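Open the structure, try each task, then compare your steps with the worked solution.

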Amino acid sequence: MREQTELGGTFTLPGTSINLYRIGYGAMQLAGPQVWGPPRDVNAAIAVLREAIASGVNHIDTSDYYGPHVTNQIIKQALHPYPAGLVIVTKLGARRGQDKSWIHALSRQELSDGVHDNLRNLGIDRLDVVNLRVGGVLEPAEGSIEEPLTALVELKRQGLIAHIGLSNVTPRQLVEAQRITEIVCVQNFYNVAHRNDDEFIDALARQGIAYVPFFPLGGFTPLQSSVVDRVAASMQATPMQVALAWLLQRSPNILLIPGTSSLEHLHENLRAAALELPTTAISELNEIEKSVAKGQ
Ligand SMILES: NC(=O)c1ccc[n+]([C@@H]2O[C@H](COP(=O)([O-])OP(=O)(O)OC[C@H]3O[C@@H](n4cnc5c(N)ncnc54)[C@H](OP(=O)(O)O)[C@@H]3O)[C@@H](O)[C@H]2O)c1
């Protein structure tokens with residue numbers, strides 16, 4: 001492994017020997033527009049994946065419903081046979097409609113089909129970590145997740161999944177899940193300008209569970225904030241590096257999966273690990289929350 005300081009240091013998923021660098025890579029942007037079909041330039045997508053691995057990244061976040069199938073197929077084309085230590089985290093619980101919509105796919109049959117689609121398209125025998133994705137497109141919705149989670153645990157018993165995480169969940173759903181199985185990570189919407197999960201993150205940190213924010217840079221419409229711009233300018237960094245550095249400093253259990261289809265952005269994002277935000281910058285960035293809350 002590289003130096004602890006590189007890629008933000010490491011975090012071990014609870015109850016496992018999986019040691020992940022805190023800066024990983026989110027693969028959703030490798031599919032075509034609206035996460036549908038192939039990208040304009042498959043070779044460019046392959047180059048980004050290979051460069052991420054060459055730079056030391058050992059955590060890729062994906063799903064077979066990106067494309068659908070396309071993103072996983074590109075990961076396989078770029079990286080198979082996979083280097084030792086690479087952990088591919090995927091998601092189950094959704095499928096795509098012909099109109100490109102995102103539809104729940106949480107029945108026993110759909111979850112089983114989803115596992116086999118992931119295994120086939122990634123070219124592996126067992127999935128390292130599967131996040132059960134419930135709730136809405138962006139936010140969680142309360143309600144029992146016992147049925148789909150029990151079906152996923154059965155697939156784990158069959159040896160098709162090594163570890164289970166959750167996505168788009170509430171603290172109450174985590175408690176319910178932990179009565180059923182061990183949860184190693186939670187993936188919810190969170191970034192410097194969207195902080196609904198502040199208390200949840202702290203509670204997960206106390207339990208040693210990883211929190212992996214999706215849309216760490218704002219997602220399809222990357223973050224735009226005069227406060228982030230100001231802090232970035234004062235530190236000779238870019239706004240995206242400030243957004244990522246803020247997350248790394250927010251809590252040691254936060255793991256990053258910024259998505260990009262650009263080699264230049266990939267390098268820029270990885271370099272965020274070297275950026276140490278002083279407390280004055282953190283206080284300034286905390287003002288964003290207040291202005292968002294006031295609707296400014
Ligand atoms: N669990 C869930 O429900 C869920 C939902 C959404 C996403 N995810 C996961 O989270 C990962 C991250 O989300 P995401 O990729 O959608 O959003 P993101 O990481 O917040 O942002 C990606 C966007 O930022 C741009 N970008 C990246 N680096 C940049 C830089 N240095 N400077 C300027 N722009 C930059 C990208 O464009 P370029 O390609 O031009 O760089 C892209 O438009 C996904 O890959 C996916 O695996 C999970």
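**Exercise 1.** Which residues line the second largest cavity?

*Solution.* Before starting, note that this is a predicted model, where local features need pLDDT of at least 70, side-chain atom pairs count only at pLDDT 80 or more, and totals for chains, interfaces and linings use all residues. Residues are numbered from 1 along each chain as its sequence is written, and side-chain values use heavy atoms, with hydrogens and water left out.

Step 1: On a 1 Å grid over the protein atoms alone, a cavity is a set of points where a 1.4 Å probe fits but cannot get out, and lining residues have an atom within 4 Å of a point.

Step 2: list the lining. Leu223, Gln224, Ser225, Val228, Asp229, Pro239, Met240 and Ala243 line the second largest cavity.

Step 3: The largest share, three residues, is from α8.

Step 4: sort by class. Ala, Val, Leu, Ile, Met, Phe, Trp, Tyr, Cys and Pro count as nonpolar, Asp, Glu, Lys and Arg as charged, and the others, Gly among them, as polar. The lining of the second largest cavity then has five nonpolar, two polar and one charged residues.

**Exercise 2.** Find how many cavities of 30 Å³ or more there are, and describe the largest cavity.

*Solution.* Step 1: join grid points across faces, edges and corners, and take the volume as the space filled by probe spheres set on the points. The count is two cavities of 30 Å³ or more.

Step 1: the largest cavity has a volume of about 50 Å³. Its lining includes His59, Asp61, Cys185 and Gln187. Here β4 (59-61) and β10 (183-187) are the elements that give two or more residues.

Step 2: by class, this lining divides into six nonpolar, three polar and one charged.

**Exercise 3.** Describe the surroundings of the ligand.

*Solution.* The shell holds 26 residues, and the closest are Asp61, Leu217, Thr260, Ser261 and His265. Helix α9 (residues 263-270) supplies the largest share, three residues. By class there are 11 nonpolar, 11 polar and four charged residues.

Step 1: look for polar contacts (pairs of N or O atoms within 3.5 Å). A polar side-chain atom of Thr260 is 2.5 Å from a ligand oxygen. A polar backbone atom of Gly259 lies 2.8 Å from an oxygen atom of the ligand, and for a backbone N or O atom of Gly26 the distance to a ligand oxygen is 3.3 Å.

Step 2: check the cover, using the Shrake-Rupley method with a 1.4 Å probe. On its own the ligand has 900 Å² of accessible area, and the protein covers 89% of that.

Notes. A residue is near a molecule or strand if one of its heavy atoms lies within 4 Å of it. A polar contact is a pair of N or O atoms within 3.5 Å; within protein, one must be able to donate a hydrogen and the other to accept it, and residues adjacent in sequence count only if both atoms are side-chain atoms. Helices (H or I, at least four residues) and strands (E, at least two) are DSSP runs, numbered from the N terminus. On a 1 Å grid over the protein atoms alone, a cavity is a set of points where a 1.4 Å probe fits but cannot get out, and a pocket is an open set with protein on both sides within 12 Å along at least five of seven lines; lining residues have an atom within 4 Å of a point.
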